[in-house]
Amino acid sequence: MHANSPHPLLHYKIPNPNLPTFTPQPSSAVLHLSYPNLISSNNMAPKSSVAGALALFLLCFNLLHHAAHGKGYATTGLTSAQQCHLDRIQASQPTHRIESEGGTTEIWDQKEDQFQCAGVAVIRTTIRPDSLYLPEFMNAPRLAFIERGRGILGITYPGCPETYHSEGQAGSKGRREEAGERGRGQDLHQKVQRIRRGDLVAIPEGAVHWCHNDGDEELVAVTVVDLNNQANQLDQRLRAFFLAGGQGRSEGGVSRINFHNIFAAFDDDILAEAYDVPSEIIRNLKRDDGRGFIVNPQRRIKVMVPEEQEKETHFEEQRRGRSSRSRRFSPSWSREGADNGLEETFCTMKMRHNMETRRESDVFSRQAGRLNLVNMNKLPILGWIDMSAERGNLLPNALYSPHWSMTDHRVVYVTGGDAHVQISGPKGQNVFDERVSQGSVFVIPQFFVTVARAGNNGFEWVSFKTSSQPMQSPLAGYTSVFRALPLQIITNAYQISSREAEELKYNREHQTFLLSPSRKSIRMPVA
Amino acid sequence: MHANSPHPLLHYKIPNPNLPTFTPQPSSAVLHLSYPNLISSNNMAPKSSVAGALALFLLCFNLLHHAAHGKGYATTGLTSAQQCHLDRIQASQPTHRIESEGGTTEIWDQKEDQFQCAGVAVIRTTIRPDSLYLPEFMNAPRLAFIERGRGILGITYPGCPETYHSEGQAGSKGRREEAGERGRGQDLHQKVQRIRRGDLVAIPEGAVHWCHNDGDEELVAVTVVDLNNQANQLDQRLRAFFLAGGQGRSEGGVSRINFHNIFAAFDDDILAEAYDVPSEIIRNLKRDDGRGFIVNPQRRIKVMVPEEQEKETHFEEQRRGRSSRSRRFSPSWSREGADNGLEETFCTMKMRHNMETRRESDVFSRQAGRLNLVNMNKLPILGWIDMSAERGNLLPNALYSPHWSMTDHRVVYVTGGDAHVQISGPKGQNVFDERVSQGSVFVIPQFFVTVARAGNNGFEWVSFKTSSQPMQSPLAGYTSVFRALPLQIITNAYQISSREAEELKYNREHQTFLLSPSRKSIRMPVA
Amino acid sequence: MHANSPHPLLHYKIPNPNLPTFTPQPSSAVLHLSYPNLISSNNMAPKSSVAGALALFLLCFNLLHHAAHGKGYATTGLTSAQQCHLDRIQASQPTHRIESEGGTTEIWDQKEDQFQCAGVAVIRTTIRPDSLYLPEFMNAPRLAFIERGRGILGITYPGCPETYHSEGQAGSKGRREEAGERGRGQDLHQKVQRIRRGDLVAIPEGAVHWCHNDGDEELVAVTVVDLNNQANQLDQRLRAFFLAGGQGRSEGGVSRINFHNIFAAFDDDILAEAYDVPSEIIRNLKRDDGRGFIVNPQRRIKVMVPEEQEKETHFEEQRRGRSSRSRRFSPSWSREGADNGLEETFCTMKMRHNMETRRESDVFSRQAGRLNLVNMNKLPILGWIDMSAERGNLLPNALYSPHWSMTDHRVVYVTGGDAHVQISGPKGQNVFDERVSQGSVFVIPQFFVTVARAGNNGFEWVSFKTSSQPMQSPLAGYTSVFRALPLQIITNAYQISSREAEELKYNREHQTFLLSPSRKSIRMPVA
């Protein structure tokens with residue numbers, strides 16, 4: 001029977017509709033042999049050996065794909081050892097979507113070869129106006145790019161001082177009077193930051209972060225988590241630990257995610273004792289009311305951040321320079337007796353950098369476009385987490401020079417326009433050849449050569465890099481490898497004349513990275 | 001047939017003679033075959049196919065676990081890529097026990113998920129009075145905690161000077177006279193150190209170490225080897241290379257371990273030539289007389305260490321400060337012409353730190369207990385090997401605040417008392433919920449949240465960390481994340497009142513890490 | 001039964017419809033399928049189930065080895081997680097051979113356990129006189145040792161200045177006149193270096209390198225690529241990206257390699273636009289004329305390098321010291337506005353060091369031989385790529401002291417003479433016992449103990465190390481571990497007399513690493 005039927009697919013990414021019973025559970029799991037599979041295959045099988053054999057196959061199969069425990073946000077991914085099967089890369093859209101009360105979380109399929117190889121997870125979070133993304137931390141450092149909207153964000157670090165005084169809330173007055181030293185209706189907490197469209201935010205591994213959309217439109221953030229980072233001593237699977245909330249609704253197959261916040265694992269009485277509070281409060285900590293990870297506050301949140309109290313006309317300048325610097329060195333920041341000796345490292349580090357600032361462009365061409373690079377020299381925290389980012393803008397029909405990265409993988413998220421992108425593997429095989437547009441994500445693996453040509457509306461993207469000091473090697477332009485090669489090497493390598501070699505070497509000698517559309521070239525439509 | 005026969009052994013050290021054809025090669029098991037699965041497939045499938053199926057299964061199974069070559073002390077472990085299957089962690093006791101003439105070696109099962117994930121091996125060594133643990137080195141750095149007894153220890157490093165003069169032995173006089181420059185009955189060798197109960201000892205990868213129990217009671221050391229350390233370029237398997245001894249008796253199934261010292265692999269004549277000695281001596285180097293790794297010396301060993309010649313009444317002070325410091329900078333340590341230029345790195349580095357010193361406590365609370373942290377700031381060699389340790393003591397019913405580590409895995413060894421420990425995974429699942437007591441070992445994985453409450457007799461432990469600068473983030477106490485969060489975020493995250501949020505934030509505001517038992521809490525018995 | 005039906009895919013990326021029986025693809029072999037197991041289980045199982053079972057087995061097997069994509073130069077290797085199955089190491093010869101127009105490329109089998117464990121690829125390149133090795137880069141840093149011949153070599157780096165002026169070529173005059181500023185028949189390009197027999201060359205990952213044999217004999221280079229290096233964020237597979245050429249002829253099974261240069265993957269019109277050149281030139285870039293990676297230039301290449309214009313009688317001194325230094329600090333090297341800020345790092349770094357210079361020997365013994373070590377202190381670029389090398393020469397019958405490396409794997413390439421080499425594993429098992437001679441390659445894994453005795457004609461080798469600061473621990477000689485041990489430990493460990501222990505400790509006290517043949521030893525023939 002089964003021998004003649006279409007064969008069970010060996011590639012775990014392509015479910016085969018014809019084999020209901022043998023369909024490997026996506027979540028199958030390594031150690032944890034999956035019972036149902038085994039049993040159902042037995043049921044299906046005739047007395048022959050096929051059943052056992054297939055069952056075994058599935059066993060082996062399951063054993064092989066030892067990772068995917070369930071599909072929650074927390075452990076979406078599945079990884080064994082890092083593997084780079086990069087014969088074919090494809091731009092992709094998120095495959096999982098989790099609905100919360102106040103927004104949605106979309107996750108790209110971590111099992112895709114490109115993400116496996118780069119060791120990254122990609123997430124897009126949408127927070128509706130007034131909603132609150134609940135505090136969580138992850139097992140690896142990440143960079144978030146604010147694609148749309150504005151909000152306030154907190155990244156807390158143990159031992160960092162509580163240097164911000166916000167207003168407290170009505171109703172807590174009595175309590176505050178008891179605890180007199182916190183005085184006059186104020187609440188002390190760690191630094192809170194304003195974020196806006198175009199910001200890049202660095203969040204170290206294990207640091208709790210929360211975010212509140214206090215703007216008028218949706219706040220959309222695209223996040224890349226560098227799971228392969230040395231800071232993560234667990235395996236390459238994404239793990240998110242929420243301090244509140246739980247149980248969102250998942251669209252994409254699973255009706256309900258088995259997910260709780262971290263307090264769910266502890267006994268009420270132990271927590272009550274740890275906090276020295278009545279156990280009713282503990283039950284609230286653990287409460288799982290299906291609101292998910294993003295919630296609608298009962299009362300409007302009003303946390304102060306410096307920018308809001310200052311005149312905002314020159315905010316760009318302030319953000320870049322003076323205000324943030326003076327804030328960092330202000331006496332209110334110094335405080336003796338912090339516990340982790342971190343005041344001069346994390347506590348005062350800038351975590352955020354705006355990438356839209358035109359006058360900060362690192363590459364700028366009136367004919368081709370511009371690039372804003374944010375590496376550890378611009379944002380020192382990036383040296384700590386060993387990541388960086390690039391914000392790019394290509395004018396219509398302009399090109400990104402063919403080049404390769406010597407240092408990092410890049411995860412490209414398209415924010416606007418479209419482009420025709422090609423990537424070459426080590427044997428000259430074309431591994432990527434697509435027209436990408438808004439919302440597409442693809443990985444350019446380290447060393448793989450790539451080129452992009454913007455469409456008629458230009459092309460805008462942000463790319464996240466797995467190195468804090470990325471370096472790329474262009475094939476055209478004045479920093480290109482052809483410029484570096486002696487003419488005689490070029491002529492002999494390609495059996496061309498000196499004149500032709502000089503054209504290769506010098507025709508783009510006044511441009512680098514971004515190349516203007518040339519007049520003589522013929523545009524061919526892309527299939 | 002086979003379904004009813006004794007099951008294939010899952011433990012690779014215990015060959016089962018009853019299963020000739022299906023016997024997994026000793027090297028099998030790593031992934032914790034789950035019995036129930038195996039059985040159900042047997043029951044369902046017809047007899048004829050079961051055999052082949054099982055055979056295949058086991059083959060696949062074997063292929064999957066391609067690691068365990070042989071069974072000695074040296075390669076007990078077996079690892080493929082690092083995997084963190086942490087749905088269920090369990091406190092464990094050693095599973096292997098090797099008897100030597102002068103003591104025993106107990107090894108925890110490296111195949112346990114918790115040790116696989118953390119990339120560590122755990123060993124407890126017991127050396128009887130007067131016995132000698134023979135010189136060996138391992139493929140990764142390790143920390144040893146002296147749980148009981150005292151002794152002397154040598155860690156030798158190539159190129160470090162021979163700065164210690166011990167007495168030679170009777171009978172070698174003639175020889176010494178020939179080699180006149182070593183003069184007057186003395187023997188030159190590298191530094192030797194006194195170790196005592198409560199000491200933490202750092203042993204770098206590849207460095208030869210030996211240990212002699214010159215006290216009156218058993219010397220017990222618990223060692224954690226950081227196999228995942230960058231210094232180890234081999235895979236994650238534990239490898240011990242002994243320079244002498246061999247062939248201990250193993251209890252736990254195997255009658256005799258196939259283990260020799262490293263000289264066994266070389267030809268007699270080559271060794272005789274390398275040492276320029278008669279081959280009778282070489283035969284002694286290679287001799288394997290079943291005494292194992294810990295032997296009884298024929299003559300009482302009397303190696304001098306500074307402490308023994310000095311007045312010992314203030315030894316604690318000496319150990320901590322002056323004596324060791326003056327020793328390090330004494331002129332006898334300087335020596336020109338050493339080969340590896342290491343005199344200022346390893347050669348004079350302190351390798352040892354006592355963790356029992358009460359006045360060195362980093363956290364101290366009359367109501368809750370104390371913590372002694374030993375990181376690279378206290379013991380600089382830890383920066384080199386990227387490990388650290390914590391010695392803790394909880395008073396009866398006190399708590400270790402719920403917290404997670406941002407930097408490292410922790411291997412906890414319980415030295416006394418008991419505690420109820422809980423650990424939460426990323427989806428709020430409880431992955432550990434046990435009452436642990438003396439001798440238990442468990443891993444708290446990086447980022448996983450844990451809490452502990454001491455029993456009625458208190459709780460004492462040492463934990464070994466896979467980072468030289470560990471940092472943890474508490475959930476309660478004055479460095480907690482709640483303190484760092486604005487009140488409005490807490491109220492809205494948990495739908496609680498400001499008053500309740502302030503209780504969470506401030507009720508433990510004068511404590512950190514260790515929390516005293518609260519009067520209002522209700523103690524519930526643990527199931 | 002199932003044998004005749006279309007088979008489930010063996011390799012999950014390459015569907016094979018024909019699949020004769022169960023032959024594993026040649027690319028399989030990594031995990032040492034144990035045939036005996038397979039066969040015995042077949043015998044036991046009834047016929048009907050065997051086929052399916054075997055098929056399944058092979059499926060599992062193939063799934064396990066999900067790596068081997070084809071066999072070109074670019075991705076010869078196959079790696080999953082690093083695994084060290086080191087029960088038996090064997091000296092090996094290259095297994096793949098690619099013929100190009102101007103020379104040959106020989107590749108050692110990356111699937112061998114020893115190379116898998118060390119994470120290295122080994123390549124020998126032979127360039128015939130006048131031929132040109134085409135520009136390429138690889139996904140990991142490498143060290144090349146010039147075994148024979150001489151040539152010129154370029155290593156280009158993006159952003160480094162074009163500081164060399166070569167003569168242009170006839171025929172390009174008109175063009176050059178147009179582009180007046182490059183003036184008078186000269187061509188500007190990056191630094192070019194002379195290489196000779198005995199040179200060690202360091203090539204960072206991602207840096208384009210080319211090489212021209214301008215001597216009278218074949219230029220032979222042995223290269224070790226450190227795939228396990230942190231600089232490589234892809235997996236452990238070797239990937240070479242050629243900028244020109246393609247399609248060599250392979251001997252060793254495959255008739256034709258599916259290999260192109262990186263331009264093959266891109267559309268003509270995009271490239272034409274990127275270079276702003278007519279598409280005829282682009283077709284030349286992509287042309288694949290079966291000449292392979294090493295080509296015969298149409299016109300004799302004449303690139304100037306400093307040494308050729310200077311008096312060469314003292315070239316050794318120049319190479320070592322003054323000339324290169326003055327070159328580095330010459331004003332022609334300073335240039336403002338380079339793009340990667342690399343002028344003071346890569347751009348002026350010495351990439352090359354001659355290892356034959358007798359007066360630079362680090363160990364020198366009239367009776368035993370000499371060692372030249374090149375680590376990061378001699379050649380700072382090695383600190384960057386974290387590799388180093390050793391050039392050794394043993395006189396007839398002399399020994400390399402038994403020792404182990406504390407820091408690195410070593411890949412030994414024998415350049416002359418022969419030696420009897422033994423390696424011991426952690427359980428004293430002999431894992432290597434061979435007489436090696438010219439052209440043999442073997443790996444000495446980190447921590448494994450090894451000894452070598454030269455044959456009657458002496459022994460010459462170069463070894464490549466996976467650490468920039470290698471350290472080894474000898475068992476004999478004046479830096480040996482026995483010297484470091486107290487005499488009483490030695491006597492008790494081996495149950496020998498003090499006199500015998502002193503012989504072990506001091507008989508070689510005036511030698512280190514290299515040991516002269518002793519007169520009293522008996523030479524036994526090696527089987």
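These questions and answers walk through parts of a predicted model.

Biologist: Is strand S12 of chain B largely enclosed or largely open?
Modeller: Strand S12 of chain B covers residues 219–226. Seven of its eight residues are buried. So the rest of the structure leaves S12(B) largely enclosed.

Biologist: Which residue stands opposite Val222(B)?
Modeller: Start with the pairing. Strand S3 of chain B, residues 120–127, pairs with S12(B) in the antiparallel sense over eight bridges. Within that pair, the residue opposite Val222(B) is Arg124(B).

Biologist: How many bridges join S5 and S12 of chain B, and what stands opposite Thr223(B)?
Modeller: S5 of chain B spans residues 142–148. It runs antiparallel to S12(B), over six bridges. Opposite Thr223(B) in S12(B) stands Ala144(B).

Biologist: Is Leu153(B) buried or exposed?
Modeller: Leu153(B) sits in strand S6 of chain B, residues 150–156. The cut-off for buried is 20 or more other C-beta atoms within 10 Å. Leu153(B) has 24 such neighbours, so Leu153(B) counts as buried.

Biologist: Which residues beyond four places in sequence does Leu153(B) contact?
Modeller: Set aside the neighbours within four places. The contacts left are Gln193(B), Ile195(B), Val201(B), His209(B) and Cys211(B).

Biologist: Which residues touch the most other members of the largest nonpolar core?
Modeller: That core holds 394 residues. Take Val411(A): among the residues it touches are Val120(A), Val224(A) and Phe464(A). The residues touching the most other members are Leu134(A), Val411(A), Leu134(B), Val411(B), Leu134(C) and Val411(C).

Note on methods:
Residues numbered from 1 in each chain as written. Chains lettered and ligands numbered in written order. Predicted model: local features only at pLDDT ≥ 70, side-chain atom pairs only at ≥ 80, totals over all residues. Buried ≥ 20, exposed ≤ 12 C-beta atoms within 10 Å, placed from the backbone. Helix = DSSP H or I, 4+ residues; strand = E, 2+ residues; numbered from the N terminus. Pairing = 2+ DSSP bridges. Core = buried A, V, L, I, M, F, W, Y, C linked by C-beta atoms within 7 Å. Contact = placed C-beta atoms within 7 Å.
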